[in-house]
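Please open the viewer and keep the selection panel at hand.

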Amino acid sequence: MGQTTTSLPRDPEAAKGVTLGLGAYVMWGCFPLFFALLDGVPALEILPHRVLWSCLFLVILVSVLGRWSPVIGALKEPRRLGRVLACAVLIAINWGIYIYAVESRQVLQASLGYFLTPLVNVALGMLVLRERMHRLQGVAVILAGIAIVIQLVGLGELPWITLALAFSFGTYGLLRKQVPLDGLSGLFVETLLLFPVALAAVAWLGVQGSGHFLETPTKTALLITSGVITALPLLAFAGAARRLRLATLGFLMYINPSIQFGIALLVFHEPLAPLQLASFLLIWVGLALYSWSAWSSRARTAPAAASQK
């Protein structure tokens with residue numbers, strides 16, 4: 001009853017969960033390769049297309065899966081929509097900055113941002129939700145802060161892409177916890193709220209003659225596909241979350257920025273300065289401490305929970 005390790009369970013559902021989780025994080029990690037195909041299309045044009053086609057694709061998915069009930073329920077409660085709209089704006093900012101990072105070949109900064117996100121979550125939990133921070137988690141957050149200071153002082157510039165991605169996604173996660181919607185329904189409502197703005201932006205680009213949507217069949221297909229690839233990893237992640245413990249999902253989470261890190265170095269040949277490497281090393285040490293703290297905390301509480309059953 002009280003399994004105390006993070007080893008992957010052997011039952012078929014858990015194995016399926018691991019497969020889905022790996023699929024989700026590998027897809028997210030390979031996003032730079034996809035958005036690099038849209039070279040020449042500005043991030044501010046890709047973003048509204050991503051929102052537009054995500055929303056239309058999710059209409060199909062929600063209909064096929066018969067998940068309209070939570071969506072309609074959310075739309076009938078204006079109070080709930082305030083937080084959902086905030087989530088929508090934050091995820092749009094995150095998407096836009098990420099696409100810009102890829103097109104400007106700053107994937108290393110994007111990778112560092114997603115490595116930093118769990119530690120931002122810890123800090124936000126303490127500051128906003130008054131959650132208790134364990135000692136090792138506190139050390140991890142301090143190491144992350146030192147890593148950012150190294151880049152600021154040593155490289156002479158604020159790693160704004162890293163910070164913007166980490167804090168936008170971290171704040172998104174904080175608000176998303178307060179919205180009683182599952183992943184699929186939540187993303188659909190978020191994109192639905194952004195749909196009018198995205199549609200207006202795409203239409204305006206078309207009228208101005210500066211859009212790339214119908215420029216070539218390839219670009220048209222890629223812009224439409226940007227919406228599809230947004231939803232697919234989310235569906236895989238939702239399936240994994242239903243079958244796996246949070247501890248296991250937590251360790252799988254590092255696959256995404258690790259793949260991005262490899263793509264930045266091996267595919268895009270981005271330079272990695274010694275001070276940048278030092279920042280990554282500090283973040284990695286912080287993540288190791290954070291993971292160990294989370295694992296040991298669950299390992300201590302699991303036997304107590306099992307003894308009460």
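**The whole chain**

The accessible surface of the chain comes to about 15,100 Å², and 69% of that surface belongs to carbon and sulfur atoms; such areas come from the Shrake-Rupley method with a 1.4 Å probe, and for residues only the protein chains shown count as cover. The model is a predicted one, in which local features need pLDDT of at least 70 and side-chain atom pairs count only at pLDDT 80 or more, whereas totals for chains, interfaces and linings use all residues. Residues are numbered from 1 along each chain as its sequence is written, and side-chain values use heavy atoms, with hydrogens and water left out.

Helices (H or I, at least four residues) and strands (E, at least two) are DSSP runs, numbered from the N terminus. Of the 309 residues in the chain, 46% are buried, where buried means under 20% relative accessible area, exposed over 50%, and partly exposed in between (1.4 Å probe, protein chains only).

**Helix α7 and isoleucine 148**

Select residues 135-154, which form helix α7. The 20 residues of α7 should span 28 Å at 1.5 Å a residue, and the end C-alpha atoms are 28 Å apart, which agrees; the expected span is 1.5 Å times one less than the number of residues. The buried residues of α7 include Ala140, Leu143, Ala144, Ala147, Ile148 and Gln151. An α-helix has 3.6 residues a turn, so residues three or four places apart point the same way.

Now select isoleucine 148: is this residue buried or exposed? Isoleucine 148 counts as buried because its relative accessible area is 13%. Leaving aside residues up to four places away in sequence, isoleucine 148 touches Leu116, Pro159, Thr162 and Leu163; contact means heavy atoms within 4.5 Å. Leucine 116 is 32 residues from isoleucine 148 in sequence, and their C-alpha atoms are 9.9 Å apart. Beyond the end of α7, glycine 156 has a positive phi, near 80°.

**The second largest pocket**

Helix α6 gives the most to its lining, with six residues.

**The cavity and arginine 105**

Next, select Phe35, Ala36, Leu38, Asp39, Ile46, Glu103 and Arg105, which line the largest cavity. About 40 Å³ of space lies in this cavity.

Centre the view on arginine 105, in the loop between α5 and α6. Arginine 105 has a positive phi of about 55° although it is not a glycine. With a relative accessible area of 34%, arginine 105 is partly exposed.

**Histidine 269**

Finally, move to histidine 269, in the loop between α12 (255-266) and α13 (274-307). Histidine 269 also is not a glycine, yet its phi is positive, about 55°. Histidine 269 counts as exposed because its relative accessibility is 60%.

Notes:
On a 1 Å grid over the protein atoms alone, a cavity is a set of points where a 1.4 Å probe fits but cannot get out, and a pocket is an open set with protein on both sides within 12 Å along at least five of seven lines; lining residues have an atom within 4 Å of a point. Grid points are joined across faces, edges and corners, and a volume is the space filled by probe spheres set on the points.
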